[in-house]
Every structure is written in structure tokens, then in C-alpha cells.
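My notes follow in the order I checked things.

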Amino acid sequence: MNLLLAEDDAILADALCEQMRASGFSVEHAPNGAVAQYLLAKQQFDVVVLDLGLPMVGGIEVLRQLRQTDASLPVLILTALDSLEDRVAGLNAGADDYLTKPFDFPELEARLRALLRRSRALKASTELGQLSMQRETRSAQVRGEMLELSPREFDLLDLLLTHQGRVITKEQINQAWAGDRGGAGAGLSASTAASSADGGAATNAVEVYIHRLRRKLEGSQVAIRTVRGLGYLLELERA
């Protein structure tokens with residue numbers, strides 16, 4: 001579980017990072033709002049713990065900008081601001097939960113795990129245009145007809161759907177495939193594999209699977225757009 005901790009109090013941040021890692025989280029720490037924004041743009045997280053009183057860019061602004069690109073990433077505000085107005089402002093800006101300092105770590109952990117459970121339940125099924133996906137059964141349909149997807153194709157579609165409207169880089173795709181024992185070139189034709197022998201196998205594999213997936217999504221009202229120099233994004237086709 002990848003967690004972003006945006007907290008400018010170095011002593012508190014060190015203690016929280018240590019406790020969260022001991023509880024099974026992989027933690028990235030942002031000491032200010034600018035670093036938090038950078039990490040949110042460059043990495044994928046499962047949950048965010050966000051202080052409101054961050055230097056450089058305030059927590060509310062970090063949250064508002066995040067919600068413009070990602071409406072589903074769970075965010076827990078952790079702050080010393082405990083007035084009703086502060087809580088309402090934080091929740092209205094897009095926070096999923098609000099916890100004030102001082103706090104007990106077991107409560108923070110319990111709230112984070114509750115947010116993760118709800119997030120996973122919401123992500124169990126996704127629909128976009130004429131495309132629907134069920135993650136528990138690892139299946140997808142276009143206009144009600146089942147798509148024949150390889151494990152790699154399903155994982156690629158899942159990644160693109162999860163981050164719909166955001167650019168996904170080839171590096172992120174290969175990271176998502178990292179657990180596949182077949183390797184980045186699994187399932188490629190002999191000719192493609194041969195042409196990838198110069199060390200570009202992973203890059204070529206992404207391009208091949210993107211091409212395959214585009215063909216299978218025809219008629220779904222969903223398109224995979226190439227953003228040159230950056231990567232790919234999934235979006236609804238323009239009328």
C-alpha cells in the first residue's frame with residue numbers, strides 16, 4: 001500500500017513514517033505542498049495523509065488541484081486546525097476523512113484502512129462509455145460482449161481506466177507488469193521479440209499491447225491517446 005505523507009513537522013513526520021512502515025505501508029514523505037504536488041504527479045499512491053498547514057503550497061490548494069485530475073484517490077486530512085469551519089472547508093475541498101492533532105496512531109491507521117477498503121470496493125467495477133470492467137473476475141465487456149484479454153492486456157486496461165484522463169508513462173506500465181513472470185516481452189511474436197533484442201524489449205512490448213488494446217476497444221466510445229514524449233491516456237472519444 002503506497003502512502004503519501006504530506007507533513008512539514010519533521011519530528012512528527014519521522015515518527016509517522018516509521019510507524020506506518022512497520023504497519024505495512026510504503027511511505028513517501030513530502031515536507032511541503034510543492035513536493036506533495038510533484039510526487040502526486042509523478043507517482044501512484046493508494047492513500048494520502050495531508051496536513052493543511054504546509055509551506056509553499058497549502059494543503060487545501062494541494063487537495064483542490066489533486067481533485068481536478070483524480071477524484072478517487074483517498075485523502076485523509078491530518079491537522080491541528082480543529083474548528084468546524086476548517087473541517088467543513090477540508091471536506092468540501094475533497095477530503096475523505098478529517099483527523100485533528102493530537103491523535104492516537106491506532107486511530108489514524110484504522111481510518112486509513114477503512115478508506116482503503118471503501119476505495120477498493122468502489123474500484124471493483126468501472127464503466128466508461130460502452131466499456132465495463134469487473135476487477136474481481138478480471139473481465140471486461142464492450143456493449144455487453146466479453147473482450148478476450150490476455151493477463152497483460154487486462155492489467156494495461158485496468159491501469160488506464162484507474163487513471164482515466166491522466167497520462168500513464170511506459171515506465172509506469174512496466175512497473176504495473178513487474179510481477180508478471182512472463183517478462184515485458186511475453187506474448188510477442190518472434191519477429192517483434194527479435195527486433196527488441198537491442199534492449200528496447202520493454203518499450204516495444206508496451207507499444208504492441210497498446211496497439212492490440214486499441215483494436216479491441218473499437219466501438220466502445222473509449223480511445224487510447226498517445227501523448228508524444230510522455231505516454232498514453234484513456235479518454236472518451238469526441239463526438
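Is Lys 101 buried, partly exposed or exposed? I looked it up: Lys 101 has 21% relative accessibility, so it counts as partly exposed. The cut-off for buried is under 20%. I keep in mind that this is a predicted model.

**Entry: Lys 101 and its partners**

I checked what the side chain of Lys 101 meets. It forms a salt bridge with Asp 51, at 3.8 Å from N to O. I then placed both ends. Lys 101 sits in the loop between β5 (97-100) and α5 (105-123), and Asp 51 in the loop between β3 (47-50) and α3 (59-69), so the pair ties together parts that are 50 residues apart in sequence.

I moved on to the backbone at Lys 101. The peptide bond that joins Lys 101 to Pro 102 is cis, with omega at about -5°. Pro 102 lies in the loop between β5 and α5.

**Entry: Arg 111**

Which side chains does Arg 111 meet in salt bridges? I noted two partners, Asp 97 and Glu 107.

I took Asp 97 to begin with. The salt bridge between Arg 111 and Asp 97 is 2.8 Å, N to O. Arg 111 is in helix α5 and Asp 97 in strand β5, 14 residues apart, and the pair links distant parts of the chain.

Then I took Glu 107. The salt bridge between Arg 111 and Glu 107 is 2.9 Å, N to O. Both residues lie in helix α5, four residues apart, about one turn of the helix.

I compared each accessibility with the cut-offs. Arg 111 is at 24%, so it counts as partly exposed. Asp 97 is at 16%, so it counts as buried. Glu 107 has a relative accessible area of 34%, so it is partly exposed.

I also looked up the total for the model. The count comes to eleven salt bridges.

**Entry: positive phi**

I searched for positive phi at residues other than glycine. Met 56 is one of them, with phi at about 75°. Met 56 lies in the loop between β3 and α3. Its relative accessibility is 69%, so Met 56 counts as exposed.

Arg 138 is another case, with phi at about 50°. I found Arg 138 in the loop between β7 and β8. Its relative accessible area is 42%, so Arg 138 is partly exposed.

How many bridges join β7 to β8? I noted four, between β7 (residues 131-134) and β8 (residues 139-142), and these strands run antiparallel. Leu 131 has Val 142 in β8 as its bridge partner. Ser 132 stands opposite Gln 141 in β8. The hairpin of β7 and β8 has four residues between the strands, and Arg 138 with its positive phi belongs to this hairpin.

I followed β8 onward. β8 pairs with β9 (residues 145-146) over two bridges, in the antiparallel sense. Here Gln 141 stands opposite Met 146 in β9. The hairpin of β8 and β9 has two residues between the strands, and Arg 143 takes a positive phi near 55°.

Which residues of β8 are buried on each side? In a regular strand the side chains alternate between the two faces of the sheet. I listed Ser 139 and Gln 141 on one side of β8, and Ala 140 and Val 142 on the other. All of these are buried, and both faces of β8 are covered.

Technical notes
Residues numbered from 1 in each chain as written. Predicted model: local features only at pLDDT ≥ 70, side-chain atom pairs only at ≥ 80, totals over all residues. Heavy atoms only, no water. Pairing = 2+ DSSP bridges. Salt bridge = Lys/Arg side-chain N within 4 Å of Asp/Glu carboxyl O. Buried < 20%, exposed > 50% of the residue type's maximum accessible area, 1.4 Å probe, protein only.
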